Amino acid sequence: MTATGPLAPVAKPIVKKINSIFANEKPISSGDRLIFSTWIPPAPSMAFDRMISAQLRHLMRRKVPDQLSISVFRGCPNSCIHCSAPSRSGDVLEGDVVKRVISEALDLGSYLVTFDGGEPMLRLDLPDLVASVDDRAIATCFTSGYALSEKLALELKKRGLYAIRVSIDSPVEEQHDHFRGRRGAFGDAISGARNALQAGLLVDLFMVVSPYNIDQLEDAYSLASDLGAHELSLYEIVAVGRWEDHLDEVLSSKDIERLAEFHMRKNRQPDGPRVTALPYLLSPEMFGCFAGRRWIHVDPSGDAMPCAYMPISFGNVKKSSLKNIWRRMSRYSWFRHRCSCQMKDDVFRSLHLEKEVPK
């Protein structure tokens, strides 16, 4: 990529950094538009331009919530042993509130809006909510695959959904179902991914990596390849929710290095899905963790948090504007500097876990 126009001198360092980071990595596809990843808007597009603008603003210490994730439905048919929001029933964020929050996020500069749950596919007005994300951003959605029918996948594509992230805990059916707490969960994931691909959606298999499945990276990649998925995204398990008491069962620094090596090795190969190892890309040496710096998450009750894995409320969108909440969050001292996941920091956890953010 190259920078042109009045702001080119300012933008060139950012473009240079992006080029250097991704120089040896493969995009999902290229042609009239470059689709590098399900996490990045296609180029050229208004959303892509806004992504570059967001990087400029970060350089100028004018933070924007690059990414908004919003849990639109708390209920879920699964009972995952590592769920960060373990309640399977309860709040459903009102549609008008969801649309207002999305509008406010777009006005603030967001270029990626993600619908999350529970299981978002159980939300009957999900296609209408997706349609509220205009050309300023891309819309993506997490799912376990449950209830993602051919009809729903086609409707989501028609209403503007960019990508579906189908959660996979293991490429082995019995192990995936064990993690999900429900027989048939693996079949739902595979069926949902196929329906999304048939509808023309970008499909990302999203695997939360723990000490229990890190040895299955190659098999997970083979599954993504066999399905025809566009991307395999790897996240690290966080000791929160049902996993809160498993602080000794998270990834080590050696494990993160292993994910980084896997990311780079697979992306040097011309064929097969792209790999995005988020613990590597969000390390302090790369982009740093986005929580509270570039990411804001809204749960089904309306509480706004730095990310879905950091249960600290900075306010409720039913009572306050997203702009005011973001101003408070982005100025908080713990989010001023580039860092790795702070939920692995004992001091941070002791000060914050399950508490309102200190005044």
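# Questions about a predicted fold

Visitor: Where is the place of G118?
Guide: G118 is in a loop, between a strand and a helix. Helices (H or I, at least four residues) and strands (E, at least two) are DSSP runs, numbered from the N terminus. The loop of G118 runs between β2 (112-117) and α4.

Visitor: What is left out of the side-chain values?
Guide: This is a predicted model, where local features need pLDDT of at least 70, side-chain atom pairs count only at pLDDT 80 or more, and totals for chains, interfaces and linings use all residues. Residues are numbered from 1 along each chain as its sequence is written, and side-chain values use heavy atoms, leaving out hydrogens and water.

Visitor: Which peptide bonds are cis?
Guide: Most peptide bonds are trans. Another has omega near 10°.

Visitor: What is the phi of A147?
Guide: Most residues other than glycine have a negative phi. A147 is not a glycine, yet its phi is positive. A147 sits in the loop between β3 (138-143) and α5 (150-158). Its phi is about 70°.

Visitor: Is A147 buried, exposed or partly exposed?
Guide: Buried means under 20% relative accessible area, exposed over 50%, and partly exposed in between (1.4 Å probe, protein chains only). A147 has 38% relative accessibility. Therefore A147 counts as partly exposed.

Visitor: How many helices and strands does the protein chain have?
Guide: Both kinds of element occur in the protein chain. The total is 12 helices and nine strands.

Visitor: What is the radius of gyration of the protein chain?
Guide: The radius is taken over C-alpha atoms, and the globule rule is 2.2 Å times the number of residues to the power 0.38. With 359 residues, a compact globule would therefore come near 21 Å. The C-alpha atoms fill a box of roughly 55 × 50 × 45 Å along the principal axes. The chain agrees with the globule value, at 19 Å.

Visitor: What share of the 359 residues is buried?
Guide: Nonpolar side chains tend to be buried together in soluble globular proteins. In this protein chain, buried residues make up 59%.

Visitor: Which residues touch the most other members of the largest nonpolar core?
Guide: A nonpolar core is a set of buried Ala, Val, Leu, Ile, Met, Phe, Trp, Tyr and Cys residues joined through side-chain atoms within 4.5 Å. The largest one holds 125 residues. Those touching the most other members are F115, I164, L205, L232 and L234.

Visitor: What does L205 touch?
Guide: Contact means heavy atoms within 4.5 Å. Residues up to four places away in sequence are not counted. L205 then touches V166, I168, L223, A224, L227, A229, E231, L232 and S233.

Visitor: How do α6 and α7 lie to each other?
Guide: Axes are lines fitted to C-alpha atoms, for helices over the stretch in contact, and angles run from 0 to 180 degrees between N-to-C directions. Angles under 35 degrees count as roughly parallel, over 145 as roughly antiparallel, 65 to 115 as roughly perpendicular and the rest as oblique. Helix α6 (residues 173-180) and helix α7 (residues 185-198) pack at about 105°, with axes 7 Å apart. They are therefore roughly perpendicular.

Visitor: Which residues of α7 does α6 meet?
Guide: On the α6 side stand E173, H176, D177 and R180. On the α7 side, they meet A185, F186 and A189.

Visitor: How do α3 and α11 lie to each other?
Guide: Helix α3 (residues 95-108) and helix α11 (residues 322-330) have axes within 9 Å of each other, crossing at roughly 55°. So α3 and α11 are oblique.

Visitor: How far apart in space are S167 and V208?
Guide: S167 is in strand β4 (residues 161-167). At 12% relative accessibility, S167 is buried. S167 and V208 are 41 residues apart in sequence. In space, C-alpha to C-alpha, they are apart by 8.0 Å.

Visitor: What does P127 touch?
Guide: P127 lies in helix α4 (residues 126-131) and is buried at 8% relative accessibility. Leave out residues up to four places away in sequence. P127 then touches L152, E155, L156 and R159.
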